[in-house]
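I opened my notebook for a walk through this chain, from the whole fold down to single residues. Here is what I looked up, in the order I looked.

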Amino acid sequence: MKIIVPMAGRGSRLRPHSLTVPKPLIPVAGQPIVHRLVKDIAKVLKQPIEEVAFVLGDPAWFGDDVVESLTQLAQDLGAKASIYRQDKPLGTGHAIMSAKPSLSGPAVIAYADTLIRAEFDLDPTADSVIWTKQVENPEAYGVVKLNDKEEIVELVEKPETFVSDQAVIGIYYFKDVAVLKNKLQEVLDENVMNGGEYQINDGIKRMMADGKIFKTGTVDEWMDCGNKAITVETNGKMLDFLKADGEEQLVANSVTLENAKIIEPCFVGENVVLKNTTVGPHVSIGNGTIIEDSTVKNSLIQTNTSIKNANLDNAMIGNNVKFNGKFTSISIGDYSVLE
């Protein structure tokens, strides 16, 4: 089994946090989004992973440190890491085809801005499985249309009239991904574009026209990381899951507490110092951060940051930040928000 992960975009909706760090590498509950996604998919598949292929953008943005991190992620799963570059942002289909040498055999394709919790077996009768989640407002999503055999017969983007309440979440399984590759090559050769981009859906629709069987794989939880508010919410949900699982140590042994309290669930990284502070619930704090005289809940704070005299709720703070709730002098860059 292979996992193909297109992750070339920077993530403009998550600015300013994605100005210096690619969105898929922003940590949620202590690990980068893409790391958690790939590990969770591997767990769901319940079979050895042969290769993980990552499609990255500009090397100036996705540099050697990113390549090293992703290579280690694949190796930790006992898999080969393949790194590809998408030279232009020309859509999902174009991103997948940037990994053309890896597009053979059984594979999962997953976009690296979402997290899942799921437990199921792949349907052996299906040529492809499209992961979906039941939603209350299907008109805001791309949804699948099913026939009486529970097979997917159509993909409908943001339907104005009800088609189904099963939204496509951006994770796909193909029994032989080479079939999709061939169809996407046709899309590229014929210059079939939607919104100025080559889309995976155009390849999938051609597979359906050839009679390939598509089934749904439903997930228990679909957690987006598209913007600040929903990323903070996802961080909280993931912390709840991790505490219930009991498989990860969430508070490092090197944490220093001085008249401080941690209300679970929280992730607190290495060499964090908490003084006269209450943290939690649902807070993630990166390595080397110091928080003094503060109360923090429902928040995500990254590494080597200093926070003093703060009362934070629903906050997302990046790396190497200095924040004092009693500030009188401010230096704030582009896209920053204080509310």
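**Entry 1: the whole chain**

I began with the secondary structure, and the protein chain has six helices and 26 strands. Its radius of gyration is 21 Å, close to the 20 Å that the globule rule gives for 339 residues, so the chain is as compact as a globular protein of that length. I kept in mind that this is a predicted model.

I then looked up the extent of the C-alpha trace, which spans about 65 × 45 × 40 Å along its principal axes. Of the 339 residues, 48% are buried. The chain exposes about 16000 Å², and carbon and sulfur atoms supply 45% of that area. For contacts with a separation of 6 or more, I found that 57% are between residues 24 or more positions apart.

**Entry 2: a parallel sheet**

Which strands make up the open sheet of four, and in what order? I read the order as β16-β19-β22-β25, with parallel pairing. The edges belong to β16 and β25 (316–317); each has a single partner strand, so one side of each is left without a neighbour in the sheet.

I looked at one pairing in detail. β16 and β19 run parallel and are joined by three bridges. Across this pair, Val268 stands opposite Ile285 in β19.

**Entry 3: helix α6**

Does the end-to-end distance of α6 agree or disagree with its number of residues? The helix holds 18 residues (228–245), which at 1.5 Å a residue should span 26 Å, and its end C-alpha atoms are 26 Å apart, so the two agree.

Next I checked both ends. After the helix comes Gly246, whose phi is positive, near 70°.

I also noted which residues of α6 are buried: Thr231, Val232, Thr234, Asn235, Gly236, Met238, Leu239 and Leu242. An α-helix has 3.6 residues a turn, so residues three or four places apart point the same way. With that in mind I went back to the list, where Thr231, Asn235, Met238 and Leu242 are among the buried ones.

**Entry 4: backbone exceptions**

A reminder to myself: most residues other than glycine have a negative phi, and most peptide bonds are trans. I went looking for exceptions.

Where do cis peptide bonds turn up? One joins Glu264 and Pro265, with omega about -5°. Pro265 sits in the loop between β15 (261–262) and β16 (266–268). Another joins Gly280 and Pro281, with omega about 0°, and Pro281 lies in the loop between β18 (278–279) and β19 (283–285).

**Entry 5: one loop proline**

Last, I visited Pro124, in the loop between β7 (114–117) and β8 (128–134). Is Pro124 buried or exposed? Its relative accessibility is 68%, and because exposed means over 50%, Pro124 counts as exposed. I also looked up its separation from Gly93, 31 residues away along the chain: the two C-alpha atoms are 25 Å apart.

Key
Residues numbered from 1 in each chain as written. Predicted model: local features only at pLDDT ≥ 70, side-chain atom pairs only at ≥ 80, totals over all residues. Heavy atoms only, no water. Helix = DSSP H or I, 4+ residues; strand = E, 2+ residues; numbered from the N terminus. Expected span 1.5 Å × (residues − 1). Buried < 20%, exposed > 50% of the residue type's maximum accessible area, 1.4 Å probe, protein only. Rg over C-alpha atoms; globule rule 2.2 N^0.38 Å. Contact = heavy atoms within 4.5 Å. Areas by Shrake-Rupley, 256 points an atom, 1.4 Å probe, with all protein chains shown as cover. Pairing = 2+ DSSP bridges.
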